[in-house]
Amino acid sequence: MKNSASKICNSPIELVQFQNQKIYIKRDDLLHVDFSGNKARKFYYFLLNEFPTVKKVVSHGSNQSNAMYSLSVLAKMKGWEYIYYTDHLPSYLIENPQGNYKHALENGMQLILGQPTPKREDIEDNETLFVVEGGRQAEARVGTKVLAQEIKLWQKAKQIEKLNIFLPSGTGTTALFLQKSLLEIDSRYQSRVYTVPCVGDSAYLMLQFKELDENVLNYPLIIKPKKKYHFGKLYRESYKIWLELQHEMGIEFDLLYDPLGWLTLMDNPTIFSEPTLYIHQGGLKGNESMLARYQRRYGEDI
Ligand SMILES: *Cc1c(COP(=O)(O)O)cnc(C)c1O
C-alpha cells in the first residue's frame with residue numbers, strides 16, 4: 001500500500017487568466033488518475049494507514065456522489081469489500097449506467113437500496129470501517145493538512161505574504177480543515193479561505209463547521225451566492241460559465257460545485273485584491289452524467 005499512497009503527491013499550481021483576472025489554480029484533479037480531488041484528500045488517511053483487520057468499508061449517500069466513486073477506488077486499492085447504501089435509483093440510471101455510479105459498480109461496489117441510513121455504531125467493528133456521507137469526519141484532517149502544507153510551501157516560495165483561497169463547499173469539511181491547518185502553519189504568510197455553500201444555505205454550512213470545530217476563528221469566510229441555487233439542478237449560467245472556463249483556460253471543472261464557485265468568485269472581485277488561488281477539487285467522473293443532462297436541456301442553445 002505504501003506505493004499507491006506515495007503516488008498521491010503534490011499537485012501542480014498553474015497561473016491562468018479568466019475574464020481578465022489572474023488566478024492560480026491548484027490542480028487537485030491531477031493528483032492521481034483514479035483517486036483525485038478533494039475526496040482523495042479526505043480519504044487519504046485511509047489510504048495511508050494499514051488496517052490489518054479490516055475487510056470491508058460501508059458508506060451511504062446519493063447515487064451519483066463523487067465520494068461514492070472515490071471510496072470504490074480506495075476499496076479496490078485496499079482489497080476491501082465495498083457496501084454503499086442509497087435511498088433510490090432512478091430507472092434511467094439502471095438502464096443507462098453512467099458517471100460515478102457506473103464506475104463505482106465497475107470497481108465492485110455493492111448497492112443496498114431503500115434501507116434506512118446506517119449508523120456507525122451498528123456497522124463499525126474490527127472488520128468493518130464506516131465512512132459517513134461525503135467523508136464529513138475527523139479523519140479528513142490528515143489529507144487536508146497535506147494540502148495546506150503544499151499550499152504554504154508554494155506561497156513561501158512565491159513570497160506571497162497574503163493569499164486568498166477560494167473553493168466551493170458541500171459539507172464544508174475541506175474548506176474548514178484547510179483553513180484550520182493553514183492557520184497552524186507559519187503565520188507570517190497569511191492564507192484566507194473563502195467558500196460558497198452549494199448544498200443548503202450559509203446557515204447550514206455554518207452548522208456543518210460547528211459540528212467539526214467549535215472555534216469560530218478557524219472558520220472560512222462564507223460568501224453567499226447571488227441567488228438561491230438548488231444542488232444538482234441545472235442552470236443556464238452554470239453551464240455557460242463551465243463552457244467558458246474550459247474555453248479560456250483549457251481546464252475541465254466539475255459541473256456540480258464549480259459553476260457556483262466560479263460565478264460567486266467572479267461576482268466578488270474584491271477577493272482579487274490579493275493573489276488568489278482556486279482549488280480544483282476534481283469530481284470529473286461525475287461530469288459524464290451531468291453533461292448529458294445539460295446537453296439534453298440546452299444543446300447548443302447557450
Ligand atoms: C465533494 C466535493 C466538494 C465539496 O466538498 P466538501 O468537503 O463536502 O465541502 C466540492 N467539489 C467537488 C468536485 C467535490 O467532489
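Which element contributes the largest share of the shell around the ligand? With three residues, α2 holds that share. The legends below describe a predicted model, in which local features need pLDDT of at least 70 and side-chain atom pairs count only at pLDDT 80 or more, while totals for chains, interfaces and linings use all residues. Residues are numbered from 1 along each chain as its sequence is written, and side-chain values use heavy atoms, with hydrogens and water left out.

**Figure 1. The shell around the ligand.** The ligand is surrounded by 15 residues, each with a heavy atom within 4 Å of it. K39, K42, N66, T171 and T174 are the closest. Two or more residues of the shell come from each of α2 (37-42), β7 (162-169) and α9 (173-184); helices (H or I, at least four residues) and strands (E, at least two) are DSSP runs, numbered from the N terminus. By class, the shell has two nonpolar, 10 polar and three charged residues, where Ala, Val, Leu, Ile, Met, Phe, Trp, Tyr, Cys and Pro count as nonpolar, Asp, Glu, Lys and Arg as charged, and the others, Gly among them, as polar.

**Figure 2. The largest pocket, whose space the ligand takes.** On a 1 Å grid over the protein atoms alone, a pocket is an open set of points with protein on both sides within 12 Å along at least five of seven lines, and a cavity is a set where a 1.4 Å probe fits but cannot get out; lining residues have an atom within 4 Å of a point. The volume of the largest pocket is about 850 Å³, taken as the space filled by probe spheres set on the points, which are joined across faces, edges and corners. Its lining comprises 42 residues, of which S62, S65, F231, L256 and Y257 are the closest to its centre. The greatest contribution to this lining, four residues, is from α13.

**Figure 3. The largest cavity.** The whole structure contains one cavity of 30 Å³ or more. About 110 Å³ of space lies in the largest cavity. Among its 13 lining residues, H230, K233, Y235, L256 and L260 are the closest to its centre. The lining divides into nine nonpolar, three polar and one charged.

Methods. Sits in = over half its atoms within 2 Å of the grid points.
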